[in-house]
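Welcome! Take a moment to look over the model below, and then we will walk through its sheets, its cores and its aromatic rings together.

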Amino acid sequence: MKMGAGLFWGAMLMVIGIALIIKVVFNIDFPIFKVLVGVFFIFLGLKVLFGRVLIPEGKIGPDETIFSERVYEQTENGKEYNVIFGKGVYDFTNVDLSKGDHHVKINTVFGGSTIRISEDIPTRIEADAVFAGAELPGGNTAVFGTTSYTTGSYRSDSAALYIKTGVVFGGIQVVNR
């Protein structure tokens with residue numbers, strides 16, 4: 001099972017932060033300090049997972065779906081997309097591979113992502129999951145670890161769509177259209 005140390009420790013810090021918040025919220029004693037410590041651990045976990053805090057100064061970029069739902073009909077090569085407490089739908093059925101490979105990374109934390117692919121487009125998908133579900137075509141799934149999938153048209157010596165996904169406390173579903 002392949003899993004980076006950053007993914008593990010980021011998820012662990014997030015679990016600690018959420019546990020602290022749940023303990024405080026469902027207890028009669030409600031000290032604000034403990035909630036702030038829990039939020040700090042969640043943001044620290046996100047920083048370890050993604051290399052940066054995803055909500056700097058309240059700004060949400062076009063590549064981030066936070067507390068909302070967003071549909072991406074077109075994706076840019078080399079971009080990283082993030083879904084946090086929301087839902088992202090990514091359509092790769094019309095990807096143009098005439099200029100070479102198309103690489104995309106999709107991260108999902110406490111949310112859901114749906115990735116639409118076409119069996120006709122050469123595609124390789126690698127999914128890392130931590131306390132989550134990654135469901136790929138052909139019955140490949142992961143709850144804690146890594147799984148991968150390639151379409152029947154995929155050849156390593158020709159241009160292809162490469163999708164790298166990471167999911168923590170959420171779900172990713174890849175569907176053929």
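## Before we start

Two strands pair if DSSP finds at least two bridges between them. Helices (H or I, at least four residues) and strands (E, at least two) are DSSP runs, numbered from the N terminus. This is a predicted model, in which local features need pLDDT of at least 70 and side-chain atom pairs count only at pLDDT 80 or more, while totals for chains, interfaces and linings use all residues. Residues are numbered from 1 along each chain as its sequence is written, and side-chain values use heavy atoms, leaving out hydrogens and water.

## A sheet that runs through β4

Let us begin with an open sheet of 6 strands, ordered β2-β4-β6-β12-β8-β9 with mixed pairing. Its edges are held by β2 and β9 (residues 141-142), which have a single partner strand each, so one side of each has no neighbour in the sheet.

Strand β4 (residues 87-91) pairs in the parallel sense with β2 (residues 69-72) over 4 bridges, and Arg70 has Gly88 of β4 as its bridge partner.

## Another open sheet

In what order do the strands of the open sheet with β1 and β10 come? The order is β1-β3-β5-β11-β7-β10, and the pairing of these 6 strands is mixed. β1 (64-66) and β10 stand at the edges with a single partner strand each, so one side of each is left without a neighbour in the sheet. On average, neighbouring strands are turned by 10° against each other, direction ignored (axes are lines fitted to C-alpha atoms, for helices over the stretch in contact, and angles run from 0 to 180 degrees between N-to-C directions). Inside this sheet, β3 and β5 run parallel and are joined by 6 bridges, and Asn82 finds its bridge partner in Asn107 of β5.

## Nonpolar cores

A nonpolar core is a set of buried Ala, Val, Leu, Ile, Met, Phe, Trp, Tyr and Cys residues joined through side-chain atoms within 4.5 Å. The largest one here has 25 residues, and Tyr90, Phe92, Ile106, Ile115, Ile117 and Ile163 have the most contacts inside it. Two or more residues come from each of β3 (79-84), β5 (102-109), β6, β7 (123-130), β11 (161-168) and β12 (171-176). A second, separate core of 6 residues includes Met14, Ile42, Leu46 and Ile84.

Contact means heavy atoms within 4.5 Å. Leaving aside residues up to four places away in sequence, Ile106 touches several residues, among them Tyr81, Tyr90, Phe92, Ile115 and Ile163.

## A buried loop residue

Thr151 sits in the loop between β10 (145-150) and β11. Is Thr151 buried or exposed? Thr151 is buried, with a relative accessible area of 3%.

## Aromatic rings

The whole structure holds 8 aromatic pairs (rings of Phe, Tyr and Trp, its six-membered ring, with centres within 6.5 Å; planes under 30 degrees apart are stacked, over 60 edge-to-face, the rest tilted). Tyr154 and Tyr162 form an edge-to-face pair, 6.0 Å centre to centre with 90° between the planes. Ring pairs also link Phe85, Phe110, Phe131, Phe144 and Phe169 into a cluster.

Terms used: Buried < 20%, exposed > 50% of the residue type's maximum accessible area, 1.4 Å probe, protein only.
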